[in-house]
Amino acid sequence: MSFPLLLMGLPLVTGVLVYNLRRWLWLQVIVAVGTVLVLIALVQLETLDQLVVVFGRDITLHSSSAVLGRSFTFGEADRPILVFVFVAVLLYFLAVGVVRGPSLFLPVGLGMLPLMEATIFVQPFLYAALFLALIAAVAAFILSNRDYAGTDGAMRYLAFVSMGVPFILLAGWQLEVHQINPDDMLPLKRATWMLGVGFLVILAVAPFHSWVALVSRKAPPLSAAFVIGVVQAVVLIFLIDTLTQFDWLRANTQFFLALRLGGVAMAVVGAAFTFAQRSLGGLMGYTALIDWGATLVVLGLRTPDSIAVASMMIVVRVLGLVVWGVGAGVLMDVFEDDYDKLRSCARNYPFATTAVVVGGLSLSALPLLAGFPGRWELFRMLSADHIGFSIVLILAGVSAWWGYVRVLPILFEWSEPQTESSYFVAGWERWGTIGFVTLGVVTLLCVGLAPKVLTPFVQPMLDNLAKLLV
Amino acid sequence: MSDILEVIPVLSYWSGSPAVASVIVTAALLVISEDRRVLVTALAIQYLFVGLLYTNILAPQVAGIKTTAGIVVWLIVFFSVQQSGWRPGSEVSESSIPWVLGARARFRVFAVILAALIGWKLALPGTLPFPVASEYVTFAALQLTCLGLLLQGLAGHPLKSGLGILTFLTGFGLLYSGVEPALMVVGVLAAVEVAVALSISYLTIVHMLSSRVSEEVR
């Protein structure tokens, strides 16, 4: 039996089952969460390519299998990356249980899992770009629905990914040309710029960033958070995988310079628009853009430490976004996204409001919250040789904080004379939401105060590249 | 058997310059026209001739897979248009006189000419590093790619914007099939086109429902 196909097939089958259970959300959540837990357990298996006895039957789980001339291969280095992807997806599935997410979120999320896995398994790995295009197409089903009818974000996302994928595929072909004639360096140069352009487009580097703002404004909050946090993390993992595989690309300083400049461009665009936003979604979108920019800058520094910091940022972003998504999901269901309609929402929805504020501020790297240690480490690394970059990133961070400072008085506004004791009206929020938000906020604070608690989870993720960059 | 053999030279004729001309005209129609009947018909013709163009670079069986995927994509688009309406109320023609081009259409014609010129320039030998399996195919593929990008840039409605993505992917698929004819890649590219068509269909319906709700509110 093929292990990669088993890992990809299981969520696909349960996805169909979950789709047919749409009337029972709690059952959907149980099946979806159970599937992801089983996947996490399966990934821990050490007995690949060995004969094992399961229920009295001899089974060999093959780590690789060929499909129409190409292979899907599970490597040891994929284990921590898959665990990260599964845990991230698990958090979002649990979040759907506590907040009314899009009805298709769970089946589509399960359907996206095999595609995300395929981007990690497929060999030659540049074909992963094709699966990214499939992910973007499938994501449309959770980025728009009857309640969130704006289709622009989903369309723009699909358009940009479709535009970026051909560059990566053509880069793969140029590499094959180079392998035939290793003395000819022209195909290698072409492959480098094609990979650069392709990744910059798919990673939403300015000026290809517009879908991030549109998706965060017009899509259901949890779906927007999922695409920006988890799907984009898979894209970045694909980029890091590319760097791991190609020595010549790792040795190319211009490629890393492009990553740094791309990251700074994202931060500049984010800084220019964050502080003036008039919607929670827009505020999150541009804040996330700054955070992604910071991640690209740290990756572009090309040091072993930078990989650890980038991994930390990716993990923390998923945490911050899921907490934000739960809070924003509750608030936008009741009040809509516009600031004018969100006035005094903290009165009836204190936990959801807290989730939006704390999740957003963690994303904007406020000290004492989870997003800060990674950003601080980045500033420390930049301070020696790239002081200009650190100034831009600090200004971008201040812009994001200012955006949240502006929204705080609106969310906590006292619209009528109230005594302090009667301001908060309990009973409007569900216990599940309260529990999830409390746990999420406490986690964000704990990671902010003691970031080393994440080290055991983060370190193995991209350890391979860190070793290669030494 | 002899009938089948007679078809082969006819097919090889139609997969040459007539296919290229048809593909360019239909892609231009997709950009210029707002009439959904024209759009759906143009898409059908485009996929038919793209299928023929594939026979220049792929084995007939593999070209058959691409043509089948094209038919599936077209059916998805057809049914989504049928569901959302052939003439939605929000899309009223600018010009009251048939066959007279409004300002928007005239701009689009101009833009199509410019995009086609760029496509033609890129197709000149030595401009792009593609292996020229067939000059017809490269020329048609680059025209589709350029016009698809133009359509994506100009369109606001999910249907037209989606047709732009499909046209772009079709053009790229033609180019890339000459480079990488592996069955898995051809298959996944076809799957991408079908998935894109499904998402366009879904977004078109969502857009239609929301427009209907906002019209009722008004």
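**View 1. A:A66 and its bridge partner in strand 4 of chain A.** In this predicted model, A:A66 has A:S71 of strand 4 of chain A as its bridge partner. The bridge belongs to a pair of strands. Strand 3 of chain A covers residues 64-67, and strand 4 of chain A covers residues 70-73. They run antiparallel and are joined over four bridges. Two residues lie between the strands in this hairpin. One residue to look for is A:L68, which takes a positive phi near 50°.

**View 2. Strand 5 of chain A beside strand 4 of chain A.** Strand 5 of chain A consists of residues 122-123. Strand 4 of chain A pairs with strand 5 of chain A in the antiparallel sense, over two bridges. Which residue of strand 5 of chain A is the bridge partner of A:S71? The partner is A:Q123.

**View 3. The side of chain A that touches chain B.** The contact draws 26 residues from chain A and 30 residues from chain B. Helix 5 (128-143) and helix 6 (152-180) of chain A each supply at least two residues of this side. Helix 6 of chain A gives the most, with eight residues. By class, this side of chain A has 18 nonpolar, five polar and three charged residues.

**View 4. Chain A as a whole.** Chain A has 20 helices and five strands. Its radius of gyration is 22 Å, close to the 23 Å of the globule rule for 470 residues, so chain A is as compact as a globular protein of that length. Along the principal axes, its C-alpha trace spans about 80 × 60 × 40 Å. Of the 470 residues of chain A, 58% count as buried.

Notes
Residues are numbered from 1 along each chain as its sequence is written. Chains are lettered from A and ligands numbered from 1 in the order in which they are written. This is a predicted model: local features need pLDDT of at least 70, side-chain atom pairs count only at pLDDT 80 or more; totals for chains, interfaces and linings use all residues. Two residues are in contact if their C-beta atoms, placed from the backbone, lie within 7 Å. Ala, Val, Leu, Ile, Met, Phe, Trp, Tyr, Cys and Pro count as nonpolar, Asp, Glu, Lys and Arg as charged, and the others, Gly among them, as polar. The radius of gyration is taken over C-alpha atoms; the globule rule is 2.2 Å times the number of residues to the power 0.38. A residue is buried if 20 or more other C-beta atoms lie within 10 Å of its own, exposed if 12 or fewer, and partly exposed in between; C-beta atoms are placed from the backbone. Two strands pair if DSSP finds at least two bridges between them.
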